Amino acid sequence: MATEKRQEPVLPKLKKSKIKKEVLWAYLFIAPTVLGLLVFYMFPAMASFALSFTKWNGISTAEYVGLDNIITLLNDKSFIRSVINTVVFTIISVPLSVIFALVISLLLNQRVKGMVIYRTLYFLPVVTMPVAVGMVWKWLYNTEYGLINYILGLFGLPQPSWLFNPSISLIAVILVYVWMTIGNNVILLLAGLQGIDKMYYEAAQIDGASKIKQFFNITLPLITPTLFFVFITGMISSLQVFDLIYIMIGDSNALLEPLRTVVFGVYETGFKYSQMGMASAQAFLLFLAILAVTIIQFVFQKKWVHYDG
Amino acid sequence: MKLKIGNHVLLIFGAFIMIVPFLWMVSTSLKTFGESMQVPPTIFPKEWKFENYAEVFESVNFIKYYINTIILTLGRTIAQLFLCSMAAFAFARLRFPFKNTIFIAILSVLMVPPQVILIPNYAILTQLGWIDTFYALIVPGMFSAFGVFLLRQFFMGIPKELDEAATMDGCSLFGIYWRIILPNSTPALIALGIFTILAAWNDFLWPLVMTSSENMRVLSVGIAAFQGQYSTDYPLLMAGAVLSTIPMLIMFIFFQKHLISGIALQGVRR
């Protein structure tokens with residue numbers, strides 16, 4: 001409104017009606033999206049915060065209980081376990097995925113023959129339905145008839161029951177997650193690598209810098225912005241892992257404990273036990289955790305991300 | 001030279017690990033139940049049992065799952081392409097009060113993880129009487145802050161001279177959106193389209209929670225339930241997995257250039 005008033009003396013009459021028309025069109029264009037996002041995203045996000053302080057089964061009126069949910073959760077072994085699992089999952093899976101992806105994209109960046117074919121193969125798991133991925137890997141991990149244990153047997157190695165042994169089941173699922181996410185990181189890192197000016201390498205070669213020196217002094221610093229992006233988006237999605245756990249372990253299983261993630265807890269508490277208030281509290285704590293991780297990364301980035309060049 | 005051979009060995013080994021689960025999925029899907037339980041396992045099926053695929057369709061209502069998934073995917077994708085591009089056009093080209101405030105509010109939606117809004121949405125959709133209907137599967141997925149942002153960035157790159165020339169020729173604002181902006185942004189629209197199709201097709205938690213009857217199951221929920229019923233019949237399960245992933249794999253092979261440049265675009269823009 002204020003801007004319109006300021007423009008009034010400068011603009012002739014005809015133009016004023018044009019501006020009004022433009023404003024009207026603009027609101028028409030954004031109205032559906034703004035309304036939709038308000039109703040199905042912004043309002044629910046705020047409601048989730050409010051529900052965290054209530055006891056609610058989803059049907060009756062929600063009852064305000066203050067910090068009870070949070071206190072209960074902090075004393076709940078199962079919830080604490082789910083937080084630890086989620087953190088471990090993220091801390092192991094994201095760096096593994098990024099390191100493998102970095103090696104692959106460095107190799108692909110050498111103008112290798114068949115680059116497109118390699119890229120396609122590495123990317124296939126990314127477009128595959130996670131539920132199907134979980135099913136296939138559950139079969140590969142099968143203790144008696146699985147391909148993995150068969151191959152291990154050929155080399156005389158131990159054949160663990162991957163998904164039923166609580167001390168390795170988390171690692172087993174992490175490896176699948178890494179397999180699923182490498183392709184995406186390869187594409188991003190490859191784009192970052194291809195954006196580096198060849199000039200730098202030519203100069204380095206004239207100076208007689210070795211390949212290893214070139215990597216640490218040119219390549220690595222110049223792709224830190226891409227690495228930063230890959231780390232942040234990777235961590236955000238791995239903190240939300242659900243599909244794989246649901247499919248590979250199942251939703252009513254004592255074996256779940258070593259694998260229960262926070263999102264799994266939200267699903268179970270909210271939709272199996274109908275404790276919507278408690279589930280909202282879990283979801284909201286997850287949101288805070290994701291926010292914290294993101295902020296920490298952004299603060300920390302000044303130490304290692306270079307935006308020049 | 002030695003280095004180059006070493007590179008290929010590493011890359012082939014990696015590619016092998018990527019592709020083997022797919023080959024194993026297909027191979028198992030063609031075996032008899034007995035053969036799938038054989039030790040040592042056979043790499044190629046001794047007798048190719050294509051009937052497994054027919055059996056999937058007979059034992060559960062797989063056709064229905066397919067149709068439901070296609071309706072969900074098309075509904076969300078077509079709506080997003082229109083709604084996001086309209087909003088993006090307004091943010092990229094038009095002047096209106098509170099433009100920046102509204103845009104920042106939209107961007108803030110990007111930070112909210114989908115699980116956080118799951119429970120309140122369940123309540124909202126219950127109030128609307130939409131649970132277990134296509135409305136619940138499609139309507140909330142029609143809006144995307146990410147889509148608005150992606151398209152706005154692209155629209156800003158289209159030269160303004162094109163709009164001005166069109167205005168001179170008497171083109172309305174809607175005409176500029178429809179005849180100048182949209183035809184000039186096919187790469188971005190295709191990229192958003194593919195992202196949306198993939199996310200919709202593979203979506204699991206949302207349809208799992210928002211539908212309950214067998215009639216409303218989508219493929220992901222369908223094969224998960226299928227696994228519950230036939231937990232050890234791996235040939236059948238793998239046939240189901242092949243059937244539900246094939247459409248996306250084919251789409252990826254055809255549109256991979258667009259998808260890959262779309263993904264790369266996000267990273268470069270940081």
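This is a predicted model: local features need pLDDT of at least 70, side-chain atom pairs count only at pLDDT 80 or more; totals for chains, interfaces and linings use all residues.
**Exercise 1. Confidence**

State what scores the model has, and where in chain B confidence is lowest and highest.

*Solution.* Begin with the model as a whole: ipTM is 0.92 and pTM is 0.91. Finally, compare the elements of chain B: confidence is lowest in H14(B), where the mean is 87, and highest in H7(B), at 98.

**Exercise 2. The overall form of chain A**

Determine whether chain A is as compact as a globule or more spread out.

*Solution.* First list the secondary structure: chain A contains 14 helices and two strands. The C-alpha trace of chain A spans about 85 × 70 × 35 Å along its principal axes.

Then consider the division of the chain. Domain 1 of chain A covers 2-51 and domain 2 covers 78-304. The centres of these two domains, taken over C-alpha atoms, are separated by 40 Å.

Lastly, consider the packing. Of the 309 residues of chain A, 41% count as buried. Among the contacts in chain A between residues at least 6 apart in sequence, 70% join residues at least 24 apart.

**Exercise 3. The side of chain B that touches chain A**

Find how many residues of each chain are in contact, and which helix of chain B gives the most to this side.

*Solution.* Count the residues on both sides: 75 residues of chain B are in contact with 74 residues of chain A. On the side of chain B, helix H14 (residues 234-269) gives the most, with 15 residues. Sorted by class, this side of chain B has 59 nonpolar, 14 polar and two charged residues.

**Exercise 4. The largest nonpolar core**

Identify the residues that touch the most other members of the largest nonpolar core.

*Solution.* The core has 162 residues, and those touching the most other members are A:Val136, A:Ile245 and B:Ala87. The greatest contribution to this core comes from helix H8 (residues 169-194) of chain A, with 14 residues. Now take A:Ile245 as an example: leaving aside neighbours within four places in sequence, A:Ile245 is in contact with A:Val173, A:Leu259, A:Thr261 and A:Phe264.

**Exercise 5. Backbone features in loops of chain B**

Locate B:Pro40, B:Phe98 and B:Asp132, and describe the backbone at each.

*Solution.* Step one concerns B:Pro40, which lies in the loop between helix H2 (33-36) and helix H3 (51-59) of chain B. A cis peptide bond, with omega about -5 degrees, joins B:Val39 to B:Pro40.

Step two concerns B:Phe98, found in the loop between helix H4 (62-93) and helix H5 (99-108) of chain B. Phi of B:Phe98 is near 65 degrees, a positive value in a residue other than glycine. With 11 other C-beta atoms within 10 Å, B:Phe98 is exposed, because the cut-off for that class is 12 or fewer.

Step three concerns B:Asp132, placed in the loop between helix H6 (118-127) and helix H7 (134-138) of chain B. Phi of B:Asp132 is positive as well, near 70 degrees. B:Asp132 has 16 C-beta neighbours inside 10 Å and therefore counts as partly exposed.

How values were computed
Residues are numbered from 1 along each chain as its sequence is written. Chains are lettered from A and ligands numbered from 1 in the order in which they are written. Two residues are in contact if their C-beta atoms, placed from the backbone, lie within 7 Å. Helices (H or I, at least four residues) and strands (E, at least two) are DSSP runs, numbered from the N terminus. Ala, Val, Leu, Ile, Met, Phe, Trp, Tyr, Cys and Pro count as nonpolar, Asp, Glu, Lys and Arg as charged, and the others, Gly among them, as polar. Domain bounds come from an automatic or database domain assignment. The radius of gyration is taken over C-alpha atoms; the globule rule is 2.2 Å times the number of residues to the power 0.38. A residue is buried if 20 or more other C-beta atoms lie within 10 Å of its own, exposed if 12 or fewer, and partly exposed in between; C-beta atoms are placed from the backbone. A nonpolar core is a set of buried Ala, Val, Leu, Ile, Met, Phe, Trp, Tyr and Cys residues joined through C-beta atoms within 7 Å. pLDDT is the predictor's confidence in each residue, from 0 to 100.
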